[in-house]
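Please open the model in your viewer and keep the selection panel at hand, as this tour moves from one selection to the next.

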Amino acid sequence: MAVERTLSIIKPDAVEQNNIGNILAMIQGAGLKIIGMRMLHLSRAQAEGFYEVHKDRPFFGELVEFMTRGPVVVSVLESDDAVARYRNLMGATDPVEADKGTIRKAYGTDIGENACHGSDSVENAKIEVGYFFPEYLLR
Ligand code: CMP
């Protein structure tokens with residue numbers, strides 16, 4: 001197994017509902033080490049840049065609106081197989097389909113307001129970690 005890093009975002013809905021601590025506890029409980037963390041209120045340009053891959057999707061405007069609605073917590077997580085480990089912990093994108101015991105089942109509302117984001121591949125994790133934490137990229 002390889003030590004990986006992945007990017008986590010605790011989204012505005014979870015921050016508004018006071019679930020930062022609960023989600024961080026689930027992250028740590030799953031064996032993911034938090035090695036970098038910032039709380040910030042994304043600008044429109046930051047949110048559009050982060051989700052550029054989705055810019056032609058019909059939900060892009062709604063996604064940017066939501067992600068800039070209030071502060072988020074971005075963090076770099078590290079463990080063996082961190083990308084898959086965090087994606088398993090988050091559960092399905094749509095909280096309705098997420099398994100019991102996952103972050104989105106516990107704290108997500110719907111496919112738009114789904115509490116958290118995690119990188120979907122090792123390759124994208126490098127891009128996403130670099131987007132917020134250029135100094136944390138593994139060399
Ligand atoms: P995330 O893992 O942050 O990656 C892209 C996000 O787009 C996704 O989580 C969802 O929050 C959002 N998303 C995906 N599909 C839809 C949809 N049909 N309507 C609104 N938002 C969506």
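On a 1 Å grid over the protein atoms alone, a pocket is an open set of points where a 1.4 Å probe fits, with protein on both sides within 12 Å along at least five of seven lines, and a molecule sits in a pocket if more than half of its atoms lie within 2 Å of its grid points. Select the ligand, which by this criterion sits in the largest pocket.

This is a predicted model, in which local features need pLDDT of at least 70 and side-chain atom pairs count only at pLDDT 80 or more, while totals for chains, interfaces and linings use all residues. Residues are numbered from 1 along each chain as its sequence is written, and side-chain values use heavy atoms, with hydrogens and water left out.

Now select histidine 117, where a side-chain N or O atom is 2.9 Å from an oxygen atom of the ligand, and then asparagine 114, where a side-chain N or O atom is 3.3 Å from a ligand oxygen; both are read as polar contacts (N or O pairs within 3.5 Å). The protein buries 80% of the 460 Å² that the ligand exposes when taken alone (Shrake-Rupley accessible area, 1.4 Å probe).

Note on methods
A polar contact is a pair of N or O atoms within 3.5 Å; within protein, one must be able to donate a hydrogen and the other to accept it, and residues adjacent in sequence count only if both atoms are side-chain atoms. On a 1 Å grid over the protein atoms alone, a cavity is a set of points where a 1.4 Å probe fits but cannot get out, and a pocket is an open set with protein on both sides within 12 Å along at least five of seven lines; lining residues have an atom within 4 Å of a point.
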